[in-house]
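The sequence and the model come before the details.

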Amino acid sequence: MPAGGEDPVISAERAHLTRSREFLRLMREHVLAINPMAGDPVSLEYLKADLYRRAESLKDIPAAPLFFGRLDYDEEGAFHIGRRHVHDQDGTPVVIDWRAPVSRPFYRASQADPMGIALRRRFGFSGAQLTAYEDEIFTATAGTGDGRVRSEEKKTSQLLIAEIERPRSGPMRDIVATIQPDQDDIVRGDASQTVCVQGAPGTGKTAVGLHRVAYLLYAHKEQVTRRGVIVVGPNLAFLSYIRDVLPALGELDVTQTTVSELVASVPARGADSDEAGRVKGDARMADVLRRALWAAIRLPADALVLPRGSRRWRVPANEIAELAGELRNRGVRYGTGRELLGHRIAHVILTRMEAAGETCDDRTHDAVRRSAPVRACVDQVWPKVDAKRLVFGLLSSAANLAAHADGLLSAAEQQAIVWPVPARGPGSARWSRADQVLIDEAADLIERTPSLAHVVVDEAQDLSPMECRAIGRRCATGSATVLGDIAQGTTPWAATSWPALLGHLGKPDAAVRELDVGYRVPRQILDYASQLLPSIAPGLRPAASLRQDPGSLTVESVPPAQYGRRLASVCASALDLPGSVAVICADAQAPEVAAALRAAGLDFAVLGAEPASGDARLVVVPVTLAKGLEFDHVVLGEPGRIAAGEAYGLRRLYVGLTRAVSRLTILHAEPVPAELCSVP
């Protein structure tokens, strides 16, 4: 593997990289130079916005090399594979987008199936500087020298391993240079297909989901852009961690949100007990809400009489009741049924008017429908219902809840969710996150929620059935990428199987794919954490790891009096090495950890709180916020406290143990959980 500036291949590739960056700059300047013209002001503003987005997507990112590989074909020539398409002033491609069909052999070619290529070249970078390359030969001529390595003589690309192991700090980065065949299958899946990815820590499931979004926006741009795509994460810390991946791939218009933000029609100022959260998140609550909503429909008290000119048109009460019953039995949304009832009553009256010899048209129909008697009748029979007031009425009245939850929720479950001291009204209620989801469900029963083209939901195993329904509504006519790990479920309502969760999502036929090879977490760390699997996920097989690092795991017992000083010392030593450092601990222990680091004069931030200073490489992570994050070096404090902290503490511990991608140091003054007594 050559390195340095003297190698002619590296010199040539560096020159190509320089030219590519210049062409990208010219592409952006060309867009910025366009003088938009349109036939009307609204179209002009749309065109300006589109040109702005195009220019933003063409911004160069100096720290991200434009290309990371090259494919040589026998006849078609060579193509550099990169994060985005770049062409010269004649329109000839100088970098091919990694999502283009011609790029696929970079990820899938093998000696058994070369896919038409003669050579695959990977590049090594130090920052933005191209420093090395590695070739795989797919022809009968086994070239050597000039840095080329015969494919049959090596099992794993060393540059690929180096890229996977490269230290990181700050937000997550893309993996376009290291996508593996099993990941590529998921990334390039059909746009109409919903796929569920069960992935152990370090298998790249989050990156796969984000890259699938980027691929769909490339391969099905018009459809996906028109209908929209969102990424749903577990919390704001996670979204901050992944925020730069899609922009680095040139995709700027993807909304990244949490479930709470997605359904936030009211502010979440309250918190539920575990039992209340479990009941409110149960799918049975959808039936309770449905009963409460449709109970609002009443029989008409009197016949409808419409004076019109010298005539009075009468519709008997029983006929109005039949119209309402027919609409209800059709299964329409409540709000749609209310609208249709007015039309049906108007149609009945117009039929009688025409039979009496009057001439009617659409204007007559509309006038009858909008008349005061018809509107009053509709309001009486099929009254307007507000989603917030519907949920408020259930949670603030034990009698009202019992009337609609009978046979669905037990008396104890009803008692768990009804408010002991009701608020004066919906505006002053201390709604919880689970209440937000109930309101969203009620709103959908009234008016259909619009569907997006695609939804990516990460850490899906922690979603309640009602949260799954909320997300499923937003991809009812689209597709979804569901990402998670059953072993990392850390909520009282966490899923224990993917088929059940996918059923609540409305995608029971979705394919379930398993990523069982870890690319980031060393085998020693993964094997150590996998000792917990028989207790937390008995049916799940441990993942294998591509990486071996005998020095990656340290378990150290510390005298209680020396714990704080030793913790600070380990962190200080970790900061001498490249990459990010995190102290993961039980939530209640975070202030104690922060005090020890502060006393040692270390610069750090606390996740979920205001950072102590700007870009601290050291961060204190309460274990409840650790899910989905990765750090080069993790110092895990007191695993026993994490395990004993809650009913699903062992799962929290499993999450904490698997956040390290290079080194894991476990410090404990208290006993380690029995499940972790053996050290590989």
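The sections below treat these topics in turn.

## Basis

This is a predicted model, in which local features need pLDDT of at least 70 and side-chain atom pairs count only at pLDDT 80 or more, while totals for chains, interfaces and linings use all residues. Residues are numbered from 1 along each chain as its sequence is written, and side-chain values use heavy atoms, with hydrogens and water left out.

Helices (H or I, at least four residues) and strands (E, at least two) are DSSP runs, numbered from the N terminus.

## Pocket and cavities

The largest pocket has a volume of about 900 Å³. A pocket is an open set of points on a 1 Å grid over the protein atoms alone, with protein on both sides within 12 Å along at least five of seven lines; in a cavity a 1.4 Å probe fits but cannot get out, and lining residues have an atom within 4 Å of a point. Grid points are joined across faces, edges and corners, and a volume is the space filled by probe spheres set on the points. The lining of the largest pocket comprises 38 residues, and closest to its centre are Pro234, Arg433, Glu467, Thr491 and Trp493. Strand E9 (229-233) and helices H10 (259-262), H11 (274-280) and H20 (433-446) each supply at least two lining residues. By class, the lining has 14 nonpolar, 13 polar and 11 charged residues (Ala, Val, Leu, Ile, Met, Phe, Trp, Tyr, Cys and Pro count as nonpolar, Asp, Glu, Lys and Arg as charged, and the others, Gly among them, as polar).

The whole structure holds 4 cavities of 30 Å³ or more. The second largest cavity contains about 40 Å³ of space. Its lining consists of Asp60, Ile61, Ala64, Pro65, Leu66, Arg83, Arg84 and Ala248, which divide into 5 nonpolar, no polar and 3 charged residues.

## Strand E9

E9 is largely enclosed by the rest of the structure, because 5 of its 5 residues are buried (under 20% relative accessible area, with exposed over 50% and partly exposed in between; 1.4 Å probe, protein chains only). Val229, Val231 and Gly233 point one way, and Ile230 and Val232 the other.

E9 runs parallel to strand E13 (454-457), joined to it by 4 bridges, with Val229 opposite His454. Strand E10 (255-258) also pairs with E9 in the parallel sense over 4 bridges (pairing requires at least two DSSP bridges), and Gly233 has Thr258 as its bridge partner there.

## Open sheet

Six strands form an open parallel sheet in the order E18-E23-E22-E19-E21-E20. E18 (553-557) and E20 (604-606) are the edge strands, each pairing on one side only. Neighbouring strands are turned by 20° against each other on average, direction ignored. E22 and E23 share 6 bridges, and Val635 stands opposite Thr665.

Helix H25 (563-575) packs on the sheet, touching E18, E19, E21, E22 and E23, at about 165° to E23 (contact means heavy atoms within 4.5 Å; axes are lines fitted to C-alpha atoms, for helices over the stretch in contact, and angles run from 0 to 180 degrees between N-to-C directions). Helix H26 (590-599) lies across E19, E20 and E21, running at about 165° to E21.

## Helix H28

Helix H28 (649-657) is mostly covered, with 9 of its 9 residues buried. Among them are Arg651, Arg652 and Tyr654. The cover includes helices H23 (523-529), H24 (533-536) and H27 (639-644), together with strands E19 (581-585), E22 (631-637) and E23 (660-668).
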